Amino acid sequence: MLKLFIAAISVGLIYWIWHKKNQIFYNRGKKADPFITTIEAIELQTFLDWDTPQPCLECDGIRYGKQFKQKNPPDLPHEQGCRCEATKLFYTSDDVFQGTSPILTHKSALGDLSAKDALLLKNILLKIKTGSEKGSFSDFLEQFEINNFSADIRSAAISLAERAFQAVQNK
Ligand SMILES: [Zn+2]
């Protein structure tokens with residue numbers, strides 16, 4: 001009778017373990033999303049300053065790799081004054097789709113900037129270098145949402161842009 005009892009318990013236990021194991025494997029299988037793949041690429045990041053050359057500003061954030069439009073990064077430095085860096089990164093296909101980057105901070109003369117601040121500053125600098133502004137700096141600045149700069153760097157970012165603006169005017 002006791003042997004039968006032990007046998008019954010053992011069968012129950014084996015069944016329970018087998019059931020648990022299946023559950024674990026099932027969950028593990030579900031977590032790996034088949035649509036998310038890892039992509040290796042090189043991303044260029046420039047150093048944002050009032051005198052950052054135009055080609056560097058234009059290349060900032062561009063990704064190079066097998067799965068990208070541009071396969072090979074350019075030879076650095078771009079030109080005199082170039083402080084671009086090429087960083088090897090691993091993206092998920094989700095990053096690529098969303099346009100997000102694994103690089104969370106951006107080097108600049110104002111220290112490490114958030115991606116959002118860096119993008120706004122870059123767009124301002126690029127507009128200064130490519131445009132032919134006739135008006136004053138404050139008129140020029142009106143086309144940008146400068147309130148989107150983080151409060152702690154806003155005034156420094158504006159001074160940096162103003163310096164770039166004056167440099168172009170005095171050329
Ligand atoms: Zn460069």
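View 1. The model is predicted, so local features need pLDDT of at least 70 and side-chain atom pairs count only at pLDDT 80 or more, while totals for chains, interfaces and linings use all residues. Residues are numbered from 1 along each chain as its sequence is written. Leaving aside neighbours within four places in sequence, Leu121 is in contact (C-beta atoms, placed from the backbone, within 7 Å) with Leu48, Ser108, Leu113 and Ala157.

View 2. Helix 4 spans residues 115-130, and helices are DSSP runs of H or I with at least four residues, strands being runs of E with at least two, numbered from the N terminus. The 16 residues of helix 4 reach 22 Å from first C-alpha to last, close to the 22 Å expected at 1.5 Å a residue, the expected span being 1.5 Å times one less than the number of residues. Its buried residues include Asp117, Leu120 and Lys122, and their cover includes helix 2 (54-59), strand 4 (105-106), strand 5 (113-114) and helix 6 (151-169).

**View 3. The largest nonpolar core.** Such a core is a set of buried Ala, Val, Leu, Ile, Met, Phe, Trp, Tyr and Cys residues joined through C-beta atoms within 7 Å. Of its 19 residues, Leu121, Ile124, Leu125, Ile128, Ala157, Ala161 and Ala164 touch the most other members. The largest share, six residues, comes from helix 4.

Definitions and conventions
Buried ≥ 20, exposed ≤ 12 C-beta atoms within 10 Å, placed from the backbone. Contact = placed C-beta atoms within 7 Å.
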